[in-house]
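Please read the following report with the sequence and the model side by side.

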Amino acid sequence: MTVSIHEDSLRNVFTNVNDDQVSFFIRENSGKNQEAKDYLFAAINEDSVKTNSFENATMDFRTFDWKSLGQDRNWWWQIQALPFLAWFVACRKLLSVEERKLAAKFCKESLVNWVEIIPEDDDKTLRWHDHATSYRLTNLFSWLFSLWLDDELDGYVQELDSPYLMEGILHRHITWLSEDKNYSKHTNHGFDQATSVYIIGLYTNYPVWKSFFELSETRLIEEIEFAYTDEGVHKENSPGYHVFMLRRLSRFSKLNKLCANNVSKKAMLLEERATNFKEALTLPDGTLPIIGDTRGEHFVDEYQYPTDVTIFDYSKSGYIIVKGSVLGKPLYLIVKNCFDSVYHRHDDDLHIYLNYDNIDLLSDGGLGAHNEKDPRRISLRSNECHNVPYIAGRKALRNKKLLESAPTLSITNNVIEAESFLYGHKIKRTIDITQIALGLIEVTDVIDGLETGLMENLFFHQFGDVSLEDSNATLCVDGRKKLAISFGSDNVKARIKERPFSKQYGVYESAPSLEINASEHCRFSFCVRLI
């Protein structure tokens, strides 16, 4: 990055900051996070760096060479966000004056190291990755703003600004994020790209960058409108991402205090609906189902679980959820059938997820890691690790433009009907829950337009023991029978298989599945009985 000299360049950015903006920044960044302090001082004193989903890395940001060492891409974009800047902002009010000076010095030297080292391969180290750049811009601006507000630390800003022109560095980030070729439109990445630039505009009103701020507002409103259905459901196919993006909505709802009325109005309209869907999604133990790219044991909140069997109809968004007490134990059933976004999407049209007595009986393979060439990740995303019908010899169509029609979902008189064209022909799944109070669920799948080819996959609890006898399968967990499945036996073959399973990012285990070959037919039914 080019080194320039310009007196008080950062002060140009902060010239128009008013008391309301300062107050809002302080409320949003209280600076009293003990965990952030622990992370920061582990990095300062122990060269130990915390990243999500990975073991702590041994590295000194002040001397790190920023060369690729073969780490996961997810690890690289977290590191390229310069997380030490965020830790400083998050814990600054817990630090004594001497601790703040020590931490500010560490951050300054680490930032200078990042600025001065030009890596040989930006792509491998994700220096200008869309997510990394938007997070780094937010972290850098917040850190500089915090120093500027602190009389004891303002000198560090001047020491940085004279040789390195912080205004120029911020401007390069804003320009890069604003370019169409770098904009990840209609994704959570694009959402964060627009946000990072927009928030700086709210805090500074810097006229030189007005065109960038206006563009970011336009993009952000469009991202909010696209990211959610009218029912408040986030479109990226995963309960975990719904909750992740709901936090964004909650933040934007407060922005009217900074006259961000256009964005805050959009956010407030959707926030209540999205919150209601989050509650509907939540399992009896307060965690989320590991559907799509949701990680296991993602605790949300414990809600009052309904006693009576209750149907949460989000069919227009591709979800129907059934919750309540069945045979004296909590039941949770979700049917998913949607294709509104390719992001974090699995081949899980017509998917059934069943949790009973706080145990995932019909489960899901989970996320794994975002290495789309890894055979385990390929399997996790496929029909092999879901409870779905499919067509023998056909590949799932992952380009929604190639689909004959979008998936549909509805419920009438306790009968759920879903249709999908994921494999080139319509497959209709009917789920009869009229006897669910007795622990019975009946499922029928039909291919339209073909006389043969129907296949089924059922994916079970990670530690389940599946036994198969004739046309009956039984699932035991911890030595106790939990689920029985019966199906027609004429010209149908079934076999138990081991599939990958991943509850933690990058950690792969295995789980049993039942592959049912009914390919001599175009119709197949099975009955699920809770025990």
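Met166 lies in helix α10, which spans residues 166-178; helices here are DSSP runs of H or I with at least four residues, strands are runs of E with at least two, and both are numbered from the N terminus. This is a predicted model, in which local features need pLDDT of at least 70 and side-chain atom pairs count only at pLDDT 80 or more, while totals for chains, interfaces and linings use all residues. Residues are numbered from 1 along each chain as its sequence is written, and side-chain values use heavy atoms, with hydrogens and water left out.

With a relative accessible area of 1%, Met166 is buried; the word means under 20% relative accessible area, whereas exposed means over 50% and partly exposed lies in between (1.4 Å probe, protein chains only). When residues up to four places away in sequence are not counted, Met166 touches Ser9, Leu10, Leu111, Leu144, Leu160 and Asp161, where contact means heavy atoms within 4.5 Å. Val335, by contrast, is 169 residues from Met166 in sequence and 51 Å from it in space, C-alpha to C-alpha.

His346 sits in the loop between β5 (329-336) and β6 (351-356), and it is buried, with a relative accessible area of 0%. Its side chain makes a polar contact of 2.8 Å with the side chain of Asp293. A polar contact is a pair of N or O atoms within 3.5 Å; within protein, one must be able to donate a hydrogen and the other to accept it, and residues adjacent in sequence count only if both atoms are side-chain atoms. Leaving aside neighbours within four places in sequence, the residues in contact with His346 are Gly292, Asp293, Gly366, Arg377, Leu380, Arg381 and His386.

The sheets come next. Strands of a sheet pair through backbone hydrogen bonds, either parallel or antiparallel. In this model, five strands form an open sheet in the order β3-β4-β5-β6-β7, with antiparallel pairing; two strands pair if DSSP finds at least two bridges between them. The edge strands of this sheet are β3 (310-314) and β7 (359-362), each of which pairs on one side only. Neighbouring strands of the sheet are turned by 15° against each other on average, direction ignored. Three bridges join β6 to β7, which run antiparallel, and the bridge partner of Asn355 in β7 is Asp360. Helix α14 packs on the sheet and touches β3, β4 (319-326) and β5, its direction making about 50° with that of β4; axes are lines fitted to C-alpha atoms, for helices over the stretch in contact, and angles run from 0 to 180 degrees between N-to-C directions.

Another open sheet is formed by eight strands in the order β9-β10-β11-β12-β19-β16-β15-β14, again with antiparallel pairing. Its edge strands, β9 (408-412) and β14 (465-469), each pair on one side only, and the twist averages 15° from one strand to the next. Within this sheet, six bridges join β11 (residues 427-432) to β12 (residues 440-447), and Ile431 has Val443 as its bridge partner in β12.

On a 1 Å grid over the protein atoms alone, a cavity is a set of points where a 1.4 Å probe fits but cannot get out, and a pocket is an open set with protein on both sides within 12 Å along at least five of seven lines; lining residues have an atom within 4 Å of a point. Grid points are joined across faces, edges and corners, and a volume is the space filled by probe spheres set on the points.

The second largest pocket has a volume of about 400 Å³. Of the 19 residues that line this pocket, the closest to its centre are Gly201, Leu202, Asn205, Leu258 and Cys259. Helix α12 gives the largest share of the lining, four residues. As for cavities, the largest has a volume of about 50 Å³, and its largest share of lining residues, three, also comes from α12.
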